[in-house]
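These are my notebook entries on one structure. I record what I looked up, in the order in which I looked.

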Amino acid sequence: MLRLELFYFDGCPHWTVANERLSEALTRLGRVDVVVERRKVETPEDAERVGFAGSPTIRIDGHDPFSSGAEQVGLACRVYQIPAGLAGSPTVDQLTEVLS
């Protein structure tokens, strides 16, 4: 069973977009059996404990497929490289690719 986690913090405007795009990517792949675990990070201590690389962070079976290794741990919004430039969430196509 695939474990899919979406880490976020309140106040980040991008996590809901990432959540919608994850749902769309899973639908495209016919993976209606996968449940996205939404994990709210509330404090700097929580961020440190879970290795939170900014909101939203997506992990597939514990692995962050979008990590460059340069992300800082903490309560901040995260930026993703997408074909059109930088954005607050990966595209549906990027999510579909990493979930395949």
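**Entry 1: P56.** I listed the contacts of P56 (heavy atoms within 4.5 Å), not counting residues up to four places away in sequence, and found L6, F7, C12, H14, W15, A18, R78, Y80 and G88. I am working with a predicted model, in which local features need pLDDT of at least 70, side-chain atom pairs count only at pLDDT 80 or more, and totals for chains, interfaces and linings use all residues. Residues are numbered from 1 along each chain as its sequence is written, and side-chain values use heavy atoms, with hydrogens and water left out.

I placed P56 in the loop between α2 and β3; helices (H or I, at least four residues) and strands (E, at least two) are DSSP runs, numbered from the N terminus. Is P56 buried or exposed? P56 is buried, with a relative accessible area of 0%; buried means under 20% relative accessible area, exposed over 50%, and partly exposed in between, with a 1.4 Å probe and protein chains only. For a distance across the fold, I took P56 and R31, which are 25 residues apart in sequence and 21 Å apart in space, C-alpha to C-alpha.

I then checked the backbone and found that the peptide bond from S55 to P56 is cis, with omega near -5°. Most residues other than glycine have a negative phi, and most peptide bonds are trans. D61 is in the loop between β3 and β4 and is exposed, at 51% relative accessible area.

**Entry 2: T57.** I moved on to T57, which lies in strand β3 and counts as buried at 1% relative accessibility. Leaving aside neighbours within four places in sequence, I found T57 in contact with E5, L6, F7, F52, D64, R78 and Y80.

**Entry 3: R78.** I located R78 in the loop between β3 and β4, where R78 counts as buried at 4% relative accessibility. Which residues does R78 touch, not counting those up to four places away in sequence? They are A53, G54, S55, P56, T57, D64, F66, S67, E71, A87 and G88. R78 and F52 are 26 residues apart in sequence and 9.9 Å apart, C-alpha to C-alpha.

**Entry 4: the largest pocket.** I found R78 again in the lining of the largest pocket, together with A53, G54, A70, E71, Q72, V73, G74, A76, C77 and V79. A pocket is an open set of points on a 1 Å grid over the protein atoms alone where a 1.4 Å probe fits, with protein on both sides within 12 Å along at least five of seven lines; lining residues have an atom within 4 Å of a point. I recorded a volume of about 170 Å³, the volume being the space filled by probe spheres set on the points. The lining divides into six nonpolar, three polar and two charged residues; Ala, Val, Leu, Ile, Met, Phe, Trp, Tyr, Cys and Pro count as nonpolar, Asp, Glu, Lys and Arg as charged, and the others, Gly among them, as polar.

**Entry 5: aromatic rings.** I searched the whole structure and found three aromatic pairs. Rings of Phe, Tyr and Trp (its six-membered ring) pair if their centres lie within 6.5 Å, and planes over 60 degrees apart count as edge-to-face. F9 and F52 form an edge-to-face pair, 6.5 Å centre to centre with 85° between the planes. F9 lies in the loop between β1 (4-8) and α1 (15-28) and F52 in the loop between α2 (44-50) and β3 (57-60), so the pair ties together parts 43 residues apart in sequence. F9 is buried at 14% relative accessibility, and F52 is buried at 0%.

I also recorded F66 and Y80 as an edge-to-face pair, 5.5 Å centre to centre with 85° between the planes. Because F66 is in the loop between β3 and β4 (80-82) and Y80 in strand β4, this pair ties together parts 14 residues apart in sequence. Both F66 and Y80 are buried.

**Entry 6: helix α3.** I noted V92, Q94, L95, T96 and L99 as the buried residues of α3 (residues 92-99). These buried residues pack against β1, α1, β3 and β4.

Notes. Phe/Tyr/Trp six-rings, centres within 6.5 Å; stacked < 30°, edge-to-face > 60°.
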